[in-house]
Amino acid sequence: MTTTKIAPELIADHAHSVSARVDSDYKHLGEQLARRNVNIDTLKAEVAKFAVAVPSWGVGTGGTRFARFPGKGEPRNVFDKLQDCGVIQQLVRCTPTVSPHFPWDKVSDYKELRQHAESFGLGFDAVNSNTFSDQKDQPLSYKFGSLTHADAGVRAQAVAHNLECIEIGKQIGSKALTVWIGDGSNFPGQSHFRRQFERYLDSNRQIYAALPADWNMFLEHKMFEPAFYATVIQDWGSSLLAAQSLGEKARCLVDLGHHAPNTNIEMIVARLVHAQKLAGFHFNDSKYGDDDLDSGSINPFQLFLVFNELVDAAQSKAPNFNPAYMLDQSHNVTDPIESLMTSAVTVQRCYAQALLVDRTALTGYQDSNDVLMAAQTLKTAFHTDVTPLLQKIRIEAGGAADPVATYRASGYRAGVAAVRPAAGPSSGIV
Ligand code: LRH
Ligand code: MN
């Protein structure tokens with residue numbers, strides 16, 4: 001029996017109050033799509049299978065190096081975080097898993113943690129290790145790196161932490177380890193690029209060797225920050241080199257915010273699909289750096305183009321293709337639950353629109369260099385308002401027609417604020 005923090009009657013009443021409107025909008029969209037030889041019920045069945053994981057670190061208010069302004073009812077620990085993730089899943093019905101981060105989510109009893117998640121109908125996605133910050137009781141510092149540190153003792157400490165994350169992941173039912181490290185340099189000459197990369201491979205070979213047979217290892221590249229001159233895994237090329245060197249279970253994870261502005265990320269996705277090395281995604285949006293803004297909030301067409309590559313790969317049966325979808329955002333000025341709900345729906349929306357691309361027509365236009373019509377074929381899908389379809393999917397799954405409206409009507413935030421002590425101002429991303 002799933003614990004529901006939002007009264008199911010409230011969700012049902014809200015859904016009922018708009019169901020007639022949703023039904024007529026759905027019927028109208030169905031007529032439009034039928035003229036494009038698309039059966040809306042078939043499309044609905046496909047989109048209803050879509051799921052994206054929520055980052056445990058995303059339900060608390062985020063911050064920057066300058067400041068973090070906590071909101072009301074900040075989660076005190078991973079148990080509160082899972083309860084908040086349960087609310088998100090209860091309302092949007094497409095976020096059934098949580099991606100945890102260690103040691104931020106460390107507990108003494110992982111069986112209890114797994115049961116707590118399951119009580120909200122949640123499972124665990126990829127576990128994330130953390131050798132980009134020092135923990136208070138940590139013997140050796142990661143100031144000058146972790147898996148690539150010049151000192152073998154520091155590298156061994158970082159490897160041991162990743163092995164511990166795998167052990168935790170096995171207990172909570174995860175099937176992947178995400179390794180993002182901030183290792184790099186701030187000044188030319190500070191590091192020897194090739195020796196540093198060799199140390200990265202050597203450390204990760206030890207982690208790779210500890211992966212259970214049915215696990216994957218996700219290597220996450222990032223252009224800069226915290227290093228501001230060079231980052232060891234700075235781009236998809238370095239990540240791919242490493243994944244190909246490590247083996248079949250190592251793949252390349254694409255965090256949308258980890259590229260220079262205007263980078264053609266959808267083409268990077270196509271390359272990683274070609275290389276059979278696409279791990280999956282950390283979805284977010286950005287205008288300048290790793291801003292970790294809500295997915296699709298700045299450049300929704302780019303997010304659509306990424307899904308266009310993913311649907312094309314799936315429909316053309318690209319080998320070794322089963323990407324993991326996760327959000328990775330920092331909510332500095334919004335209620336994290338509202339941002340995560342609207343972001344999950346935005347990602348689901350882009351998937352639905354990508355399924356609407358007429359790929360037969362597109363291939364014809366591409367092969368005949370009818371450039372205008374090729375571009376228009378994508379725009380036609382992107383401009384299709386699939387809102388009634390997404391509402392229908394949520395309502396049929398017991399979710400909310402309008403998640404934010406129902407969440408606000410529930411008074412959940414005020415409720416948790418009454419029991420969770422107010423958190424003081426601080427700085428840093430979490
Ligand atoms: C690095 C990153 C990584 C997480 C961290 C919270 O910028 O994207 O995926 O470990 O954010
Ligand atoms: Mn990330």
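In helix H9, the residues Gln 302, Leu 303, Phe 304, Leu 305, Val 306, Phe 307, Asn 308, Leu 310, Val 311 and Ala 313 are buried, where buried denotes under 20% relative accessible area, exposed over 50% and partly exposed the range in between (1.4 Å probe, protein chains only). The model is a predicted one, in which local features need pLDDT of at least 70, side-chain atom pairs count only at pLDDT 80 or more, and totals for chains, interfaces and linings use all residues. Residues are numbered from 1 along each chain as its sequence is written, chains are lettered from A and ligands numbered from 1 in the order in which they are written, and side-chain values use heavy atoms, with hydrogens and water left out.

**Helix H9 and its surroundings**

Helices (H or I, at least four residues) and strands (E, at least two) are DSSP runs, numbered from the N terminus. The buried residues of H9 pack against helix H8 (265-274), strand E10 (278-283), strand E11 (324-327), helix H10 (336-355), helix H11 (359-367) and helix H12 (371-382); contact here means heavy atoms within 4.5 Å. The expected span of a helix is 1.5 Å times one less than its number of residues. For the 16 residues of H9 (residues 300-315) this span should be 22 Å, and the end C-alpha atoms are 22 Å apart, so the two values agree. Just after H9, Lys 317 adopts a positive phi of about 50°.

**Strands**

Two strands pair if DSSP finds at least two bridges between them. E10 and E11 run parallel and are joined by 4 bridges, and His 282 has Met 326 of E11 as its bridge partner. In a regular strand the side chains alternate between the two faces of the sheet. In E11, Ala 324 and Met 326 point one way, Tyr 325 and Leu 327 point the other way, and all are buried.

Strand E7 (residues 216-220) is largely enclosed by the rest of the structure, because 5 of its 5 residues are buried. Asn 216, Phe 218 and Glu 220 lie on one side of E7, with Met 217 and Leu 219 on the other, and both faces are covered. Strand E5 (residues 176-179) pairs with E7 in the parallel sense over 4 bridges; Leu 177 has Met 217 as its bridge partner. E7 also pairs with strand E9 (residues 250-255), again in the parallel sense over 4 bridges, and Phe 218 stands opposite Arg 251 of E9.

An open sheet is formed by 3 strands in the order E1-E2-E3, with parallel pairing. Its edge strands, E1 (54-55) and E3 (123-124), each pair on one side only. E1 is joined to the parallel strand E2 (residues 97-99) by 2 bridges, and Val 54 has Val 98 of E2 as its bridge partner.

**Ligand 1**

Ligand 1 is surrounded by Trp 57, His 101, Phe 132, Trp 180, Glu 220, Lys 222, Asp 255, His 258, His 282, Asp 290, Asp 328 and Ile 429, a residue being near the ligand if one of its heavy atoms lies within 4 Å of it. The table lists polar contacts of the ligand; a polar contact is a pair of N or O atoms within 3.5 Å, and within protein one must be able to donate a hydrogen and the other to accept it, while residues adjacent in sequence count only if both atoms are side-chain atoms.

| Side chain | Ligand atom | Distance |
|---|---|---|
| Asp 255 | oxygen of ligand 1 | 3.0 Å |
| His 258 | oxygen of ligand 1 | 3.2 Å |
| Asp 328 | oxygen of ligand 1 | 2.8 Å |

The protein covers 95% of the 300 Å² of accessible area that ligand 1 has on its own. Accessible areas come from the Shrake-Rupley method with a 1.4 Å probe; for residues, only the protein chains shown count as cover.

**Individual residues**

Thr 377 is found in helix H12 and counts as buried at 10% relative accessibility. A polar atom of the Thr 377 side chain lies 2.6 Å from the backbone oxygen of Met 373. Leaving aside neighbours within four places in sequence, Thr 377 is in contact with Val 357, Asp 358, Leu 362 and Tyr 365.

Val 59, in the loop between E1 and helix H3 (78-92), counts as buried at 1% relative accessibility. With neighbours within four places in sequence left aside, Val 59 is in contact with Pro 75, Lys 81, Asp 84, Cys 85, Ile 88, Pro 336 and Leu 340.

Glu 31 lies in helix H1 (residues 8-34) and counts as partly exposed at 37% relative accessibility.
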